Amino acid sequence: MNAVESNSMQQGLVTAWDTVTTALLSSDLDNVPSEEALSDDLDLLCECGGGQYIEDWLLDTLHMNLTSAVVPEFWAGLKLPDGAEVQERERARILLRAFRTLLSRLQPSLGGLERLGRWQDEGRAGLSGPGAESLRERAYTAMRAILLFSPPDVLQECMLEFYSRTFTVHMSQTGQAAPGAEHEEEEEEEEEEVAMGTEGKVCQGCAVSPQHCWCQEALEELRELSQILSRLQLLERVSSEAVTSILHKLIEQRMEQRCRGEYEISFLSDFQEWLDQVLGWVRRVFASEVGEGGVGRAPGGEGGAAGQPNSAILQRWRHHMQQFFCRIYASMRIEELFSIIRDFPESLPAIEDLKFCLDRTSQRQQLLTCLKSAFETRLLHPGVHTSDIITVYISAIKALRHLDPSMVILQVACQPIRKYLRTREDTVRQIVGSLTGDAEGCTDLANELSRADPVTLETQDSEDEGSDPEEWTPDPIDALTDKTGSKHRSSDIISLLVSIYGSKQIFIDEYRTVLADRLLQQLNYSTAREIRNVELLKLRFGEAHMHLCEVMLKDVADSRRINTNIREEESRLPAEEQPPLALSAMILSSEFWPTLKDERMELPPLVTRAMEAYTHRYEKLKAMRTLNWKSHLGTVTLDLELEDRTLSNLSVSPIHAAIILHFQDKGSWSLEELSAALAVPQEVVRRKLALWQQHGVVREEAAGRYSVQETAPTREKQDRAVLLLDSDEEGDSNTATQSEQREEKLRLFWAYIQAMLTNLESMSLERIHTMLRMFVSSGPVVTEMDIGELQAFLDKKVRDHQLISSAGVYRLPKSPHH
């Protein structure tokens with residue numbers, strides 16, 4: 001009896017197991033047992049403890065089915081027939097067919113797990129377990145692990161090709177051609193037309209003849225594929241790589257075609273419009289999951305929902321595309337930044353776009369590295385003129401302060417320019433020339449100097465001292481580690497140029513030199529332009545620093561008045577007392593002018609008498625004062641009367657005039673005789689004679705002997721009237737060069753230092769510097785020398801054995817005993 005009951009119980013359990021498992025895995029509704037029988041069998045299994053094994057068995061069955069049959073069949077279904085050429089349309093069908101087969105093979109197992117999960121959720125027959133949601137997640141996890149573990153490349157190749165085609169179809173229907181597709185389609189169209197003759201053109205969407213167009217079919221297949229992948233929870237896993245690759249390629253192609261080299265147009269709004277079109281295609285790709293997010297879809301897949309990313313997926317893809325666009329666009333503009341700076345302000349739209357992108361990416365360091373490299377390779381080398389370097393630097397200041405209001409990028413990227421400009425000897429003169437409008441082609445600094453709200457260099461360092469501490473913000477991490485914070489980092493162009501040398505005095509001294517040259521070269525005492533420049537510079541550098549320049553301008557005005565008085569006095573003299581030459585002098589206050597070139601020259605007696613007469617009349621006007629003539633400076637106006645021609649109103653230098661005046665007394669001179677008469681070296685005389693030789697006034701008869709050429713050939717007579725006497729090589733400054741002035745000031749310093757060490761025996765560097773500042777500042781010309789320059793100067797004297805240094809103290813060497 002017991003054995004019979006036991007066998008019957010076992011047989012009942014086997015039957016109940018078969019009934020339940022068949023019900024879970026069967027896809028044929030006709031073979032599914034009735035609900036009453038199923039409930040009885042399920043109750044029996046659960047009473048005997050067999051219900052707990054159903055879940056594990058079902059998952060194991062799914063795993064075995066995937067490994068042994070479903071996955072191999074899927075990969076086999078993606079393979080193209082060997083040796084056969086399959087058209088793109090058929091390849092799309094093969095891809096869709098493979099996923100259809102995958103879904104159909106997995107449907108029974110997935111349906112069984114779904115049903116078992118519901119039983120567990122309902123607690124049917126006492127079943128317990130994780131429930132439908134958990135079972136579904138475990139099933140899909142197992143499927144993804146087996147299917148996508150080291151997948152062949154064929155899947156992504158097929159997905160990439162199919163999605164690329166559907167993108168082209170979508171964009172053609174919205175009236176937008178995909179970037180890069182125009183050229184490909186033109187080539188395909190030409191090939192097709194060769195084969196088709198004039199029968200028709202190629203569809204822009206699917207690249208076949210209109211009779212065989214499969215654009216609508218491709219979109220339907222895309223919709224079905226999206227549903228299948230979404231049902232299998234594979235949509236983002238399988239599609240994301242292909243979609244990302246397509247979008248990245250499209251953005252790069254569009255940027256190359258539309259943006260590269262174009263700096264005068266902003267492309268951000270254009271990209272946003274194009275992005276809305278692209279998101280319509282992304283919405284098609286993820287249509288099933290977008291639908292799950294509650295986003296409606298217009299008939300045909302078009303409408304406002306495509307352009308409005310109000311689902312999490314579309315928002316994520318839009319953000320991804322914007323980030324990628326910003327990164328690629330910023331990289332392209334960083335490569336072109338040197339050209340963008342050079343073309344500023346016309347390139348302002350490109351700067352604004354780059355600023356927008358940099359705020360959303362982490363590419364500041366890339367920008368700094370690339371821009372510094374571009375400056376060093378394209379700008380900072382001997383082949384570029386100093387004025388061009390300064391012009392680019394000014395453009396960089398303007399462009400980079402738009403790009404980065406904190407001025408950190410400007411400070412770091414332009415550091416090589418500032419360092420290089422310090423090595424150029426003509427940098428200060430070029431900057432001063434640009435400030436005063438003397439430099440050709442550079443008006444930026446002159447305009448900056450004339451602007452209505454100048455930054456005073458004396459107060460710029462303290463202008464923010466009263467700012468609210470609560471408003472303080474730290475510098476970006478890529479700022480230079482110096483004492484200049486963002487509040488004190490100037491964006492003023494003139495301030496930045498002056499700060500290259502760290503001293504205003506260098507620029508003021510150079511301007512005094514330029515001003516002296518301009519004033520000494522003028523014959524009409526006109527100073528309106530120079531007065532304006534000095535007034536503008538006073539606003540920048542302060543009145544105290546421009547005092548010497550004001551004295552120089554006053555000397556010109558005084559000279560004009562004195563010359564007028566002397567001329568009036570001479571006009572009242574009888575003819576026999578009239579001076580032999582009419583002189584007009586520029587009378588300078590020597591202590592306030594830059595050091596003038598000191599060249600000695602003996603003038604003809606006629607000129608000397610005229611100068612003495614002028615000096616005598618000046619002494620009558622200005623008691624207790626006299627004149628010390630600089631005979632080599634100035635301009636002489638001559639009329640030359642030769643045998644067959646007259647040259648009138650020739651303006652030449654004093655030495656040229658002195659040479660030709662000697663030929664008035666004697667028609668032929670040797671080089672040695674002229675040199676002795678003028679007290680000038682023979683080489684200088686030979687070089688000055690070249691001017692008169694060029695204009696046919698003097699000729700060289702033999703080696704070293706010159707005579708007046710009274711008659712000229714006929715051809716030269718005709719050309720002589722158009723010759724100008726401005727081809728003299730003497731275009732040099734009337735003042736000593738900066739290096740010459742510096743050497744003179746160093747000699748003055750050395751005299752002070754020797755006197756101090758003689759009296760005090762030994763002194764430290766700091767004390768010498770303090771004493772020098774006290775002594776030198778009492779003079780009319782204030783010369784700055786920082787402690788570093790002084791140390792270098794003293795160390796050079798130590799190397800020359802003119803000083804002895806020990807433990808930071810300097811002293812003079814002892815004189816040798818005789």
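Visitor: Hi! For contacts in the chain with a separation of 6 or more, what share comes from residues 24 or more positions apart?
Guide: Residues 24 or more positions apart account for 72% of those contacts, where a contact means heavy atoms within 4.5 Å. This is a predicted model, with pLDDT of at least 70 needed for local features and 80 or more for side-chain atom pairs, while totals for chains, interfaces and linings use all residues. Residues are numbered from 1 along each chain as its sequence is written, and side-chain values use heavy atoms, leaving out hydrogens and water.

Visitor: Thanks. How many helices and strands does the chain have?
Guide: There are 33 helices and eight strands. These are DSSP runs numbered from the N terminus: H or I with at least four residues for helices, E with at least two for strands.

Visitor: And what percentage of the residues is buried?
Guide: Of the 818 residues in the chain, 43% are buried, meaning under 20% relative accessible area with a 1.4 Å probe, protein chains only.

Visitor: New topic: at what angle do α27 and α29 pack?
Guide: Helix α27 (residues 654-665) meets helix α29 (residues 682-694) at about 80°, and their axes are 10 Å apart. Axes are lines fitted to C-alpha atoms, for helices over the stretch in contact, and angles run from 0 to 180 degrees between N-to-C directions. So α27 is roughly perpendicular to α29, a label covering 65 to 115 degrees.

Visitor: Which residues make that contact?
Guide: From α27 come I655, H656, I659, I660 and F663, and from α29 come V684, V685, K688, L689, L691 and W692.

Visitor: Over to strands. How do β1 and β2 run?
Guide: Strand β1 (residues 636-641) and strand β2 (residues 646-652) run antiparallel, joined by five bridges; strands pair if DSSP finds at least two bridges between them. A hairpin of four residues connects β1 to β2, and E641 has T646 in β2 as its bridge partner.

Visitor: What is the strand order in the three-stranded open sheet?
Guide: The order is β3-β5-β4, with antiparallel pairing. β3 (668-670) and β4 (698-702) are the edge strands, each pairing on one side only.

Visitor: How many bridges link β3 and β5?
Guide: Three bridges pair β3 with strand β5 (residues 705-708) in the antiparallel sense. S668 stands opposite S707 in β5.

Visitor: Which strands does α28 touch?
Guide: Helix α28 (residues 671-678) packs on the sheet, touching β3 and β5, and its direction makes about 85° with that of β3. α29 also packs on the sheet, touching β4 and β5, with its direction at about 115° to that of β4.

Key
Parallel < 35°, antiparallel > 145°, perpendicular 65-115°, else oblique. Buried < 20%, exposed > 50% of the residue type's maximum accessible area, 1.4 Å probe, protein only.
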